[in-house]
Every structure is written in C-alpha cells, then in structure tokens.
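User: I would like to go through this model with you and ask, for each label, what value stands behind it.

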Amino acid sequence: MTLTLPAWFSARQEAAQARYESLPTPKRGHEEWRFANFKQLDFSRFVRSVGVPPATDLISRSEGLEAPIAKFIFVNDELAHSESSLPENVVCLPLADALASHGDLVEKHFMKQETRLGSAKYAAWHEASLTNGLFVHVPDNVEVAGTIEVHHWISGKDVVIFPHTLIVTGKHAKVRVVDIFRSADDEAALAVAFNDLSAGPGSKLDYIAIQAVNEQTRVIQINETGAGRDASTIGLVINTGASWVRNESLARLEGPGARSEMLSVSIPSHEQEYDQRTFQHHVSEGAYSDLLYKNSLYDRSRTVFSGLIFVDEGAHHTDAYQTCRNLLMSDDAEANSMPGLEINADQVKCSHGSTSAQISDEEIFYLRARGIDPTNARQLIARGFSVEVVEKLKDDATEALVLKFIDEKFAKIAAAV
C-alpha cells in the first residue's frame with residue numbers, strides 16, 4: 001500500500017522510530033516485567049510481509065456475527081474487504097483512509113496517553129511501523145444500533161503486523177466494536193496491536209478483542225481508554241491462542257460519573273503464557289471502575305497478572321474494584337497475581353484481591369452423580385467460570401460470538417485428552 005501521510009503523522013512516526021531505538025529492551029529487575037519470560041522478547045527475525053497474500057479464502061473464513069452493522073477484513077494490515085450500513089454521519093474507515101480524509105480528527109485523539117505499564121518500547125515500534133487499522137468516530141447524540149466487526153489475519157512465516165484501532169465517541173453517543181485476531185496458517189508470526197478508546201461525556205463505548213491466533217505466534221496488545229464525564233466503557237479481552245501474550249490495559253477515568261469495566265477471559269493450555277498488566281487511573285472524583293479477570297489454566301501453561309488501582313489527589317468518592325481469579329486445571333499450571341492499590345484521596349471505596357484454586361472433588365462428584373463423566377464435568381465447570389465475565393456485555397449476539405471462540409478452545413483441549 002502506498003500512503004500519502006499527513007506531515008504530522010510522518011513526524012510522529014520518525015520520532016517514534018528514534019524513541020524505539022533509544023529505549024532499552026526490558027530486563028529482569030524491571031518491576032513492570034516481574035515474572036515475565038524475557039526469552040520471548042527477541043523479535044529480530046520478524047519482518048513486514050512483502051506483497052499482498054491471497055485473501056479470497058480468508059474472506060470466506062471471516063465468520064462472526066450474523067448481522068454486523070459494518071465489517072472489515074484485514075490481511076497483514078492490508079484491507080481485503082469492507083461493508084457497512086452505518087449512518088452517514090458515523091465515520092468508520094481504514095486508518096490509512098482516515099489519515100487522508102479526517103487527519104485533523106485522527107491527530108486529536110491518536111495515541112495521546114502515556115504507555116506506562118512496561119511496553120513503551122513496543123508502543124513506539126508500533127507507532128513507527130503501523131500502516132493501517134480502523135478509525136471510528138461517532139458524533140454527538142448518535143447511537144450505533146449493532147456491532148462493528150473487524151477481522152485481523154496474519155499470513156506467512158515470521159511476519160509482523162501492527163494493527164491499530166482508534167475509536168472516538170462524542171457526547172451521548174454509543175458504539176460497540178469487536179476486533180478478532182487470527183492466523184491464516186500454522187506459521188509463527190508476531191502481532192503488535194494497539195487500541196485507543198476515547199469516550200466523550202455521557203457516551204457508551206464497548207470494545208472486545210478476541211485473540212485466537214495459532215499457538216506458534218506471539219502477541220503484544222496495548223489498550224488505552226479514556227472516559228469523560230458520565231461516560232461508560234467496557235473493555236473485554238479474550239485469549240485462547242498464541243504461544244505468548246503481553247496484554248497491557250489502562251483505563252483513565254477523566255470526569256465525574258465516569259465508569260470503566262475491564263474484563264478478561266484467558267484459557268491457556270499446553271505451554272502457553274499470558275502476561276497481563278492493568279492500570280485503573282482515577283483522575284476525577286466520583287468515578288467507578290471494576291476489573292474482573294478470569295484464567296482457566298491447563299497443562300503446563302502460565303499466567304501473570306499485575307494490576308494497580310491508582311487514585312489521584314482530589315479524586316474523592318472513588319469506587320474501584322479489582323479481582324483476578326485463577327482456575328488451575330492441572331497440577332503443573334502456574335498463576336502469578338499481584339493486585340495493588342495506591343490511594344491519594346479521601347472517602348473512597350477500593351478493594352482488590354486474587355484467588356487461585358483447583359476444582360473441588362465435591363463439584364466433580366455432584367456432576368458425576370448426574371451422569372456426566374469427569375472430563376466433561378471439568379470442562380462444564382471451567383466454561384461456567386468464564387461465562388460470568390462474558391455476561392457483563394449484556395448483548396446476546398456479541399456474547400454468543402465470544403462464547404463460540406471460548407467453546408472452540410475447550411473443544412481443542414478436550415480433543416487432546
């Protein structure tokens with residue numbers, strides 16, 4: 001793809017490349033990378049794809065919602081297909097096109113927050129290298145009835161992609177976007193993904209990321225969300241694929257009455273590793289945030305969770321919660337959790353905690369007494385454990401799509417037993 005880039009964007013990319021080259025690779029002893037697997041950070045062999053891979057088969061394989069309001073399919077960051085029945089005043093374009101037609105609007109919101117959870121180097125790499133993604137702008141008082149569905153395919157050996165999603169809502173607007181990341185083949189690859197979510201006053205913005213790439217691929221995904229006065233945001237991350245994942249999610253509560261729900265379901269198996277870091281930043285008083293992360297770990301898989309609720313001075317009457325729960329489906333699985341609080345205001349309600357446990361013999365006995373074999377009983381319990389998170393979306397069609405990917409992962413695990 002040949003891009004005609006605005007001057008400001010070219011300058012941003014040049015500065016980001018210099019920043020990427022100057023920043024050190026994370027090392028042992030960096031608190032943001034505690035318990036991390038540093039062997040996974042050698043990305044030297046990954047390169048951008050040359051040429052456009054065939055997309056016809058991938059278009060037919062891009063199944064999702066029965067009737068999305070818009071649908072975009074990218075293959076190695078190249079747009080392969082798009083369709084839309086969105087209202088004319090809603091801007092929903094590939095980022096490459098939006099830079100040309102709505103450059104001022106993109107500039108106003110593009111990567112404005114500080115990447116502070118450890119991956120500043122890789123955020124800079126993303127900024128310097130990205131060529132495409134999706135831009136959505138919903139103006140004031142417009143509610144999108146339906147879900148925007150986006151497929152990101154990785155095709156080829158040792159390919160790296162840099163998908164970017166930028167979503168902006170005006171006052172009292174509403175939108176939901178689903179990003180689905182998958183592999184076109186069984187080759188090892190790398191995705192360095194970034195999404196900006198900016199929810200205007202009184203708006204509602206839901207974002208769901210479904211990561212289901214092959215188990216040879218590595219993923220870095222950085223999520224940065226800002227919620228204005230009385231805005232409501234949901235960010236749900238689903239992890240079923242990849243050999244190694246680094247998720248970083250930051251929610252910034254910028255106005256009174258702002259609400260943020262940070263959600264995740266991860267189902268690692270074999271020797272998959274999922275490393276998740278979160279930051280609930282209460283800037284304004286009277287805001288609410290709730291985090292619920294659930295991991296079901298099989299075989300020799302491993303998870304890391306590190307979360308912090310940070311309440312600024314003056315952010316009184318904050319209401320914030322953080323919960324990470326790990327269901328250990330194997331004696332060899334490992335879950336590391338580090339929840340935290342830092343409170344600099346008065347009259348707040350904050351709690352945080354983490355639990356790790358195996359399925360009890362009593363639960364298995366109960367289901368066996370009703371004719372369910374032990375393997376299926378364990379799968380049913382693990383699925384129910386995950387459903388609590390998915391139901392918080394409160395949209396039947398989107399919940400069904402998410403559960404489809406969860407059920408596919410459980411089916412693979414069952415087939416390997």
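User: How many bridges join strand E3 to E4, and do these strands run parallel or antiparallel?

Analyst: This is a predicted model, and in it four bridges join strand E3 (residues 91-94) to E4, the two strands running antiparallel. Two strands count as paired if there are at least two bridges between them, so E3 and E4, with four bridges, are a pair. One of the contacts along this pair links Leu 93 to Phe 135, its bridge partner in E4.

User: What joins E4 to strand E7, and in which direction do they run?

Analyst: Six bridges join E4 to strand E7 (residues 164-169), and these strands run parallel. Gly 133 has His 164 as its bridge partner in E7.

User: Why is strand E4 called largely enclosed?

Analyst: A residue is buried when its relative accessible area is under 20%, and six of the six residues of E4 (residues 133-138) are buried, so the strand is largely enclosed by the rest of the structure. Burial applies to both faces: Gly 133, Phe 135 and His 137 point one way, Leu 134, Val 136 and Val 138 point the other way, and all are buried.

User: What makes helix H5 largely enclosed, and what do its buried residues pack against?

Analyst: Nine of the ten residues of H5 (residues 120-129) are buried, so this helix, too, is largely enclosed by the rest of the structure. Among the buried residues are Tyr 122, Trp 125, His 126 and Glu 127. The buried residues of H5 pack against helix H1 (7-22), E6, E7, strand E9 (189-199) and strand E11 (218-227).

User: Which strands stand at the edges of the open sheet, and why are they called edges?

Analyst: The open sheet has ten strands in the order E2-E1-E5-E8-E10-E12-E14-E16-E18-E20, with mixed pairing. Strand E2 (78-84) and strand E20 (349-358) each have a single partner strand, so one side of each is left without a neighbour in the sheet, and that places them at the edges. From one strand to the next the twist averages 10 degrees. Within this sheet, strand E1 (residues 70-75) and E5 are joined by six bridges and run parallel, with Ile 148 in E5 as the bridge partner of Ala 70.

User: Where does helix H7 pack on the sheet?

Analyst: H7 touches E12, E14, E16 and E18, and its direction makes about 160 degrees with that of E16. The cover over the buried residues of H7 includes those strands together with helix H6 (361-368) and helix H8 (396-416). Among these buried residues are Ile 381, Phe 385, Val 389 and Val 390.

User: What caps the N-terminal end of H7?

Analyst: Asp 373 does, with a side-chain oxygen that lies 3.1 Å from the backbone nitrogen of Thr 375. The limit for a polar contact is 3.5 Å, and the separation of 3.1 Å is within that limit.

User: How many disulfides does the structure hold, and how do you know?

Analyst: The structure holds zero disulfides. A disulfide needs two cysteine sulfur atoms within 2.5 Å, whereas the sulfur of Cys 324 is 18 Å from the closest cysteine sulfur, in Cys 350, and is therefore too far for a bond. Cys 350 is in no disulfide either, since the nearest cysteine sulfur is that of Cys 324, 18 Å away. Cys 324 is also buried, with a relative accessible area of 0%.

User: What is noted about the phi of Asp 158 and of His 317?

Analyst: Most residues other than glycine have a negative phi. Phi of Asp 158 is near 60 degrees, a positive value, and phi of His 317 is likewise near 60 degrees. Asp 158 is in the loop between strand E5 (148-154) and strand E6 (159-161), while His 317 is in the loop between strand E17 (302-311) and E18.

Notes. Residues are numbered from 1 along each chain as its sequence is written. This is a predicted model: local features need pLDDT of at least 70, side-chain atom pairs count only at pLDDT 80 or more; totals for chains, interfaces and linings use all residues. Side-chain values use heavy atoms; hydrogens and water are left out. Buried means under 20% relative accessible area, exposed over 50%, partly exposed in between (1.4 Å probe, protein chains only). Contact means heavy atoms within 4.5 Å. A polar contact is a pair of N or O atoms within 3.5 Å; within protein, one must be able to donate a hydrogen and the other to accept it, and residues adjacent in sequence count only if both atoms are side-chain atoms. Axes are lines fitted to C-alpha atoms, for helices over the stretch in contact, and angles run from 0 to 180 degrees between N-to-C directions.
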